[in-house]
Amino acid sequence: MTNTELVIFDLDGTLLDTIGDLAVACNASLALRGLPQHSYEEYQTFVGNGVMRLVERALPEPLRSPENVALMRADFVQYYTAHIDTYTKPYEGIPELVAELVRRGIRMAVASNKFQVGTEKLIRSFFPDVRFEAVLGQRPDVPLKPDPAIVEEILATTGVAKERVLYVGDTGIDMQTAKAAGVRSVGVTWGFRSREELVENGAIHLADRAEEILTLL
């Protein structure tokens, strides 16, 4: 008998390896301005707090005015939305994990700091036949993770009790989000951040491979 009724997944770095498309889109936006570009490794430290923080971190420090960040965000979103799945792919074992959760009748949802249109587009593209109870990204007037609002919205939508929820993410922000929402967390080590960051931010469980999540249900 399972104790878990609902698994909430982060998106970038957890379900999907999106860093290639994020990096290319951000570098394209920088190139429009003749500005220095960044490596994939640098972008792994820039992501996780939404598009505004991503482009702010990518800009040279003297140019990080609200006006420049807003203009850069607009260019990024336009390019990224058009090329969102060029290099992006599910992590090893994720399609099988999702299929097994479906088979077991465990409900699933997505809670991301990626902008809503991008979040929905990626889920439709890579999991077209999977029913998610909610697919939520960054939206106006909803605070970003680690604020627990997005998880609380999913709990309200599904009616699942906190103690029967498992939250899966790859960053310290995700672990903080789960803690703030009062749900169990599992930090995955295949994503954008280190095992140390996950532990330091309160990960209850760690998973090195997707199938290990099945043992935590």
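Trainee: At what angle do helix α1 and helix α4 pack, and how far apart are their axes?
Mentor: Please keep in mind that this is a predicted model. Helix α1 (residues 19-32) and helix α4 (residues 66-82) pack at an angle of about 130°, and their axes are 9 Å apart.

Trainee: Which residues of α1 meet α3?
Mentor: Leu22, Cys26 and Leu30 in α1 meet Leu54, Val55 and Ala58 in α3. Leu22, Cys26 and Leu30 are also among the α1 residues that meet α4.

Trainee: Changing topic: how many aromatic pairs does the structure hold?
Mentor: There are 5 aromatic pairs. In one of them, the rings of Tyr91 and Trp190 have centres 6.5 Å apart and planes at 50°, so this pair is tilted.

Trainee: Where in the chain do Tyr91 and Trp190 sit?
Mentor: They join distant parts of the chain, 99 residues apart. Tyr91 lies in the loop between β3 (89-90) and α5 (94-103), whereas Trp190 lies in the loop between β7 (184-188) and α9 (195-200).

Trainee: Are Tyr91 and Trp190 buried or exposed?
Mentor: Both Tyr91 and Trp190 are buried.

Trainee: What about Phe127 and Phe132; what kind of pair do they form?
Mentor: Their ring centres are 6.0 Å apart and the planes stand at 75°, so Phe127 and Phe132 form an edge-to-face pair. Phe127 is buried at 5% relative accessibility, and Phe132 is buried at 11%.

Trainee: Which residues do ring pairs link into a cluster?
Mentor: The cluster consists of Phe76, Tyr80 and Phe115. Phe76 and Tyr80 are also among the α4 residues that meet α1.

Trainee: Now α5. Which of its residues are buried?
Mentor: Ile94, Leu97, Val98, Glu100 and Leu101 are buried in α5. They cover an arc of only 160° around the axis, which puts them on the same side of α5.

Trainee: Why would such spacing put residues on one side of a helix?
Mentor: An α-helix has 3.6 residues a turn, so residues three or four places apart point the same way.

Trainee: What is on the other side of α5, and what do the buried residues pack against?
Mentor: Glu96 and Arg103 are exposed on the other side of α5. The buried residues of α5 pack against β1 (6-9), β3 and β4 (107-115).

Trainee: What follows α5?
Mentor: Gly105 follows, with a positive phi near 75°. The loop between α5 and β4 also holds Ile106, and Ile106 counts as buried at 7% relative accessibility.

Trainee: How far is Ile106 from Ala74?
Mentor: Their C-alpha atoms are separated by 37 Å, and the two residues are 32 residues apart along the chain.

Notes:
Residues numbered from 1 in each chain as written. Predicted model: local features only at pLDDT ≥ 70, side-chain atom pairs only at ≥ 80, totals over all residues. Heavy atoms only, no water. Phe/Tyr/Trp six-rings, centres within 6.5 Å; stacked < 30°, edge-to-face > 60°. Helix = DSSP H or I, 4+ residues; strand = E, 2+ residues; numbered from the N terminus. Buried < 20%, exposed > 50% of the residue type's maximum accessible area, 1.4 Å probe, protein only. Arc of directions from axis to C-beta. Contact = heavy atoms within 4.5 Å. Axes fitted to C-alpha atoms, helices over the stretch in contact; angles between N-to-C directions.
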